[in-house]
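Thanks for making time this morning.

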Amino acid sequence: VHCRGEVVRSQLGAPLSMIGTVQDSTRQKRTEAMLRVVASEPARFGETKFLGSMLRTLAEGTGAIFAFCGRVLPGGQRVHTVAVWSHGAEAENMAYDLVGTSSACVHETGVREKFPTDVLLQDLGADSYIGTPLFGSDDQPIGILAIIGSQPFEDVEHAKTLLQICAGRAGSELERRQIEKL
């Protein structure tokens, strides 16, 4: 927070009032932190920690309680996560079916009620969800990046922007890992 002000004085120099501004720079600082992580090399964190670090920063920057990056499995009906951040810590990877889930979209509120069969949303007590597809260099979908909140996100547009910033890098990282396995 940056505060700036000045005292308005009478002709005799007595204080009459104060004029000032207060600027909350939290959003800017969170965006800068996200950009630093996205711009860094995976080697800085270690190959397996890069996406986890990205998810941590994304969750902290949006107020999400849960964030994950997953690869779409052959057939396009299931996702296997490669990194998960839950309630302030790295969590175990999981696999889930795409049918009946919120997938790649924005639900500002009420996501649990919209997807009553999505066990993860129910277990988390989720209220909001933002997900985006991840694409490979051939523009084919290869994964998903998502954040989940227990209440509506404070600034949905900012959260969507941060997710989009991360999506390109996360997609590249998924593709790189796949190529290394060949």
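Predicted model: local features only at pLDDT ≥ 70, side-chain atom pairs only at ≥ 80, totals over all residues.

Residues are numbered from 1 along each chain as its sequence is written, and side-chain values use heavy atoms, with hydrogens and water left out.

Let me begin with the interior. In soluble globular proteins, nonpolar side chains tend to be buried together. By a nonpolar core I mean a set of buried Ala, Val, Leu, Ile, Met, Phe, Trp, Tyr and Cys residues joined through side-chain atoms within 4.5 Å; buried is under 20% relative accessible area, exposed is over 50%, and partly exposed is in between, with a 1.4 Å probe and protein chains only. The largest such core has 25 residues, of which Leu134, Leu145 and Ile147 touch the most other members. At least two residues each come from α3 (50-62), β3 (66-72), β4 (78-86), β8 (128-135), β9 (141-149) and α6 (156-181), and α6 gives the most, with eight residues. Helices here are DSSP runs of H or I with at least four residues, and strands are runs of E with at least two, numbered from the N terminus. Apart from this core lies another, of 16 residues, including Ile65, Val79, Leu124 and Ala146.

What does Ile147 touch, once its neighbours within four places in sequence are left aside? Taking contact as heavy atoms within 4.5 Å, its partners include Leu58, Phe66, Tyr129, Ile130, Phe153 and Leu163.

Gly149 is also found in strand β9, and with a relative accessible area of 1% it is buried. Not counting residues up to four places away in sequence, Gly149 touches Ile65, Ala126, Asp127 and Ser128. The C-alpha atoms of Gly149 and Tyr129 are separated by 6.3 Å, although these residues are 20 apart along the chain.

Now to charge, where Lys and Arg count as positive and Asp and Glu as negative, and where His and the chain ends are not counted. Asp118, in the loop between α4 (111-114) and α5 (119-124), is buried yet has no salt bridge, and the nearest side chain of opposite charge, Arg112, is 10 Å away. What the side chain of Asp118 does reach is the backbone nitrogen of Leu120, at 3.2 Å, and that of Leu121, at 3.2 Å.

In one of them, Glu113 meets Arg112 at 3.6 Å, N to O; Glu113 counts as exposed, at 53% relative accessibility, and Arg112 as partly exposed, at 25%.

Where do Arg177 and Glu173 lie? Both are in helix α6, four residues apart, about one turn of the helix, and their closest N and O atoms are 3.3 Å apart. Arg177 counts as buried at 16% relative accessibility, as does Glu173 at 2%. Finally, Glu173, Arg176, Arg177 and Glu180 are linked in a network of salt bridges.

Terms used: Salt bridge = Lys/Arg side-chain N within 4 Å of Asp/Glu carboxyl O. Polar contact = N/O pair within 3.5 Å; in protein donor to acceptor, adjacent residues only side chain to side chain.
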